[in-house]
Amino acid sequence: HDLVRLDGRARGYTHVRISADDVKNHVAIEWALDSDTRQVLGEFVNHYRPLLPNANSDWLFPSKTYDDRPRNKGSLGNSISLAIHRNVGVRMSTHQFRALAGALDDAGDGDERIALQKREQPGQPRRRHGGGWRAQ
């Protein structure tokens, strides 16, 4: 997977490329990043990534112990879940985090709010939408 700058007028990365060897259907993927994503990615790369172990690595999320490898998928997921629990007080998996991020994105700029659907009593069916998060 590569972050590339294909638009010479833009600052930072503009596209993501995934080689055919890394895709199940063996068809390479290339897509443009929208301006919000480019801005967040730029802030991460310029301000936060340098704080990570092995920040001199070519990987966006470098391994904690090896400078020539990416961060292990399980380790990254555990770190995300732990950070959410420590800072927000909610235990959630990376799948739930992704669903929450999608719900926040879908909520837009209006006065919508996001509600976590929890099981109220044992045995009560769990209402789910978007991995347990729903825009209301």
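Strands here are DSSP runs of at least two residues, numbered from the N terminus. With that in hand, let's look around this predicted model.

**The sheet**

Start with the strands: 3 of them form an open sheet, in the order S1-S2-S3, and the pairing is antiparallel. At the edges sit strand S1 (2-4) and S3, each of which pairs on one side only. On average, neighbouring strands of this sheet are turned by 20° against each other, ignoring direction. What holds strands like these side by side? Strands of a sheet pair through backbone hydrogen bonds.

Now zoom in on one pair. S2 and S3 run antiparallel and are joined by 4 bridges. Across from Arg-17 you'll find Glu-30 in S3.

Most residues other than glycine have a negative phi.

Where do they sit? His-26 belongs to the loop between strand S2 (15-18) and strand S3 (29-32). Asn-54 is found in the loop between helix H1 (35-48) and helix H2 (73-88).

Is His-26 buried or exposed? His-26 counts as exposed because its relative accessibility is 58%, and the cut-off for exposed is over 50%. Asn-54, at 24%, is partly exposed, because that label covers values between the buried limit of 20% and the exposed limit of 50%.

How values were computed
Residues numbered from 1 in each chain as written. Predicted model: local features only at pLDDT ≥ 70, side-chain atom pairs only at ≥ 80, totals over all residues. Heavy atoms only, no water. Buried < 20%, exposed > 50% of the residue type's maximum accessible area, 1.4 Å probe, protein only. Pairing = 2+ DSSP bridges. Axes fitted to C-alpha atoms, helices over the stretch in contact; angles between N-to-C directions.
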